[in-house]
Amino acid sequence: MDEPGWELLSKRDIYRGYVTLTEHEVMLPNGDVTHYEVDESYPCGVAVLGLTESGHIRLAREYRYPVGRWIYDLPGGGANIGEDPVDAARREYEEETGLSPVDLTHLHTFYQNPGRSSVPVHLYLCRSVVSGTPVTDDPQEVVRTVEMSLHELDDRISSGEIIDPALLISRLIAAQKGYLPPVS
């Protein structure tokens with residue numbers, strides 16, 4: 001099946017702040033030229049599914065302004081330009097939990113909004129940590145670390161309380177790869 005792509009003709013930033021919105025001028029397969037806005041805020045995102053020695057899941061609890069509520073999600077964030085995703089995952093996990101990952105296993109890479117964002121999100125599993133240093137210098141980022149049993153996590157997923165895509169995908173992929181039991 002012939003599935004032609006679009007040709008990038010030019011691009012320019014139309015907004016640069018905490019997020020970066022870029023306007024792409026593209027040629028469609030039929031020859032028409034159009035403009036398409038793309039979120040290019042950072043090179044990639046990272047999130048870490050942390051397991052405790054007792055088999056609990058280590059989560060972040062944060063207020064997420066766009067959805068207007070506190071949610072459970074995975075410790076993570078955006079990589080800096082030139083930063084390797086695994087290094088970004090290690091840095092973000094330590095910043096948000098105060099714990100430094102000893103081991104990180106790549107679980108999966110996905111795109112949170114492939115219709116508007118070019119940013120891949122790399123998911124990792126962490127089974128072992130040592131003491132680290134949390135970072136508390138960003139007033140927009142107040143993170144509480146929460147440990148939750150797998151049963152409680154699965155119940156919160158089933159009830160619809162868990163809405164973070166990285167957490168949902170990590171739970172599924174970790175089970176599929178045998179790192180966690182199947183979703184209950």
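User: What do the numbering and the values rest on?
Analyst: Residues are numbered from 1 along each chain as its sequence is written, and side-chain values use heavy atoms, with hydrogens and water left out. The model is predicted, so local features need pLDDT of at least 70 and side-chain atom pairs count only at pLDDT 80 or more, while totals for chains, interfaces and linings use all residues.

User: In what order do the 3 strands of the open sheet lie?
Analyst: Strands are DSSP runs of E, at least two residues, numbered from the N terminus; two of them pair if DSSP finds at least two bridges between them. Here the order is 1-2-3, with antiparallel pairing. Strand 1 and strand 3 (33-39) are the edges, each pairing on one side only.

User: Over how many bridges do strand 1 and strand 2 pair?
Analyst: Strand 1 (residues 7-16) and strand 2 (residues 20-27) share 8 bridges, and 3 residues lie between them in a hairpin. K11 stands opposite H24 in strand 2. Strand 2 and strand 3 pair over 7 bridges; V26 has T34 of strand 3 as its bridge partner.

User: Which residues touch the most other members of the largest nonpolar core?
Analyst: A nonpolar core is a set of buried Ala, Val, Leu, Ile, Met, Phe, Trp, Tyr and Cys residues joined through side-chain atoms within 4.5 Å, where buried means under 20% relative accessible area (1.4 Å probe, protein chains only). Of its 21 residues here, they are L49, I57, L59, L153 and L167. Helix 3 gives the most to this core, with 4 residues.

Notes: Buried means under 20% relative accessible area, exposed over 50%, partly exposed in between (1.4 Å probe, protein chains only).
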